[in-house]
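Trainee: Could we go through this structure together? I would like to learn what stands behind each label.

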Amino acid sequence: MKIIVAIKQVPERNAQIVVANDGKGIDERDLAYGMNEPDAYALEEALQLKEKHGGEVIALSAGPERVAATLREALAKGADRAIHIQTDSGTLGSRDTLSLARLLADAIRPESPDLVLTGLQSDDLGLGQTGVVLAELLGIPHSTLILHVEKTDTGLRVKRELEDGWFQQVEMPLPALLTIQSGGNKLRYATLMGIKKARTKETRTVEAAAPTAAPDLSLTRVYLPEKQKRTQMLKGTPAEIAAQLVEKLRSEVRVL
Amino acid sequence: MSDTYDPGNDLLPEDITSPDELENLMTTINTVYIDKLNKSVLVVAEQRQGRISSQSLEAIAAGQKLATSLGDECSVAILGAQGGNPAGELTRYKLNFVFAIQHGLLEHYTADAYIAALQQLIRKRVFAYVIFPHTYQVRDFAPALATRFGQVLISDVIAIHAGSDGAPTFVRQLFQGKLNADYRLTPQPASAPCFVSIQAGAFRASDLVEGKASFDTFVPALAADQIRTIPGDPFRESAHTVDLSSAAVIVSVGRGIRERENIPLVQALADALGAELAASRPICDAGWVPIERQVGSSGQTVSPKLYLAVGISGAIQHLVGMKGAKTVIAINKDENAPIFEVADYGVAGDLFEIVPALTKAIQAAKT
């Protein structure tokens, strides 16, 4: 099976996100980046499918130069080669989901993969759409929030997560696109050998054409959320805080 | 404007010969005039076992509000097989139309059939805004539907503000709820509708305005060979042995606990309080707490008297599962964690110091 995994590089989960001075983006100067976690699960699924059925795993990512580090990580974990669509846009980019998906689709088409995988959403923008839009652009069937993938004689049988603890099986022909839910597999770490081997693997860099028009949807303001409740922050030593909490639990919450 | 623009016969070119050509022309005319005349809203509601889902009612409330602010009307569509479509339930609300989109191929959800059916209704009736509840099902098809119209879905919206120039601002969260962002759609001369999905709990079903609505059925043209996926029946993995929804006190643990070996620390706190132990998704994914104790959009929705969140940052997916708690206490090392936005009492500090101290203090208070 030839599998392409679309991977996004995002600010690290614990990064302190600071609104930029113009109030329209974030300050990216001191940010550390890593692989979007749901995409790491998509990569893991791809690597396991390759181990079972043979084939090739190609890591694909769009973004500025820093994205190369995340592609190297994918190669170190076992991807065979990588494609980097180089754009000049930052995290909140000048491209909307549709124009970014078009870039990815243009890179995917000449490869004619059997399967395209990506995470169900990104940890930064959280739009949760790139995979589904990509399937539509490629004209292939898709399914989302997938926890398990099984190859059948006619295509795939996948386990899809529904809400409230429900699941369903979905069958579909290949080629297809799946968005992978976290938790279906255990993520692997890159081995020293893998990191060494990654240096010899190919990363093809393609220059993205500049966006032809400003996106219809524009981000006009980024700001800290207003609190939905008035949070009373408790301060002191751990023992003092514990005493305050016990008092609240007794007199106000009334659970003691 | 309640209905589509009617240009009158004088606009029709003489070479229109078939109903199809006429319909195509009508669509073009409607599309050209949409920004001037039509500001109507369509809400696509979802049914669960023959009932309108509560999250759909919230989306309809959002649609009514948006339509009112635009000076236009809101309609609702529900997809399903013939019979068993609960669209009729909605005619008691103040709506323009309630459309039952009916076809045998819509009995079980598939993205292909839903997209094709909605595309046909939206092309025929023309709406300026199409609104969805942000559910797993909507996430599966709405982005592709928007793509068919050359648009991008504005997903997981938490608020809509009416703009002075008639263009509303949509608010959504970034970075797992650490920041909010305002989005505006640049007005286009001949634009397709704007597609929006609404986060659970962002609007209230109790705000729905009662009134009257016209009922209409819409039968889309669908063929079995258009549908590329075969959906199986929904199933549950483990018998739901733990029902957190009725728990009065819940102590819930998140990534901040760092290692499986540290879970007993939180379990001891839960035991001292006589509480049920719950967890956020990553903890259940890792197998540190059983999956049936997961709270959030993919787990259980809870509304206890007290929800004590330990080391939980408060990603959107978790918050939708516990927003109904009467009192929320949060302990987290990051003072900017989104969990503090919904907490009544917050402790920005090291859970490994505070949790044992709290357990001890509670045990002492009980004796």
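Mentor: Gladly. Let us start with contacts: two residues are in contact if their C-beta atoms, placed from the backbone, lie within 7 Å. In chain A, residues 24 or more positions apart account for 70% of the contacts with a separation of 6 or more. This is a predicted model, in which local features need pLDDT of at least 70 and side-chain atom pairs count only at pLDDT 80 or more, while totals for chains, interfaces and linings use all residues. Residues are numbered from 1 along each chain as its sequence is written, with chains lettered from A and ligands numbered from 1 in the order in which they are written.

Trainee: What makes B:Gln176 count as buried?

Mentor: A residue is buried if 20 or more other C-beta atoms lie within 10 Å of its own, exposed if 12 or fewer, and partly exposed in between, with C-beta atoms placed from the backbone. B:Gln176 has 20 C-beta neighbours inside 10 Å, so it counts as buried. This residue also has a positive phi of about 55°, although it is not a glycine.

Trainee: Why is B:Arg258 called exposed?

Mentor: B:Arg258 has 10 other C-beta atoms within 10 Å, and is therefore exposed. Its phi is positive too, about 70°, and it is not a glycine.

Trainee: How do you know whether B:Glu261 is buried or exposed?

Mentor: Count again: B:Glu261 has 9 other C-beta atoms within 10 Å, so it is exposed. B:Glu261 lies in the loop between strand E14 (249–253) and helix H5 (263–273) of chain B. Here helices (H or I, at least four residues) and strands (E, at least two) are DSSP runs, numbered from the N terminus. B:Arg258 is placed in the loop between E14 and H5 as well.

Trainee: What is meant by a nonpolar core?

Mentor: It is a set of buried Ala, Val, Leu, Ile, Met, Phe, Trp, Tyr and Cys residues joined through C-beta atoms within 7 Å. The largest one has 119 residues, and A:Ala59 and B:Ile131 are among those touching the most other members. Its largest share, 9 residues, comes from helix H3 (residues 111–125) of chain B. A second, separate core of 55 residues includes B:Val253 and B:Tyr345.

Trainee: Which residues does A:Ala59 touch?

Mentor: Not counting residues up to four places away in sequence, A:Ala59 touches several, including A:Val5, A:Leu43 and A:Leu71.
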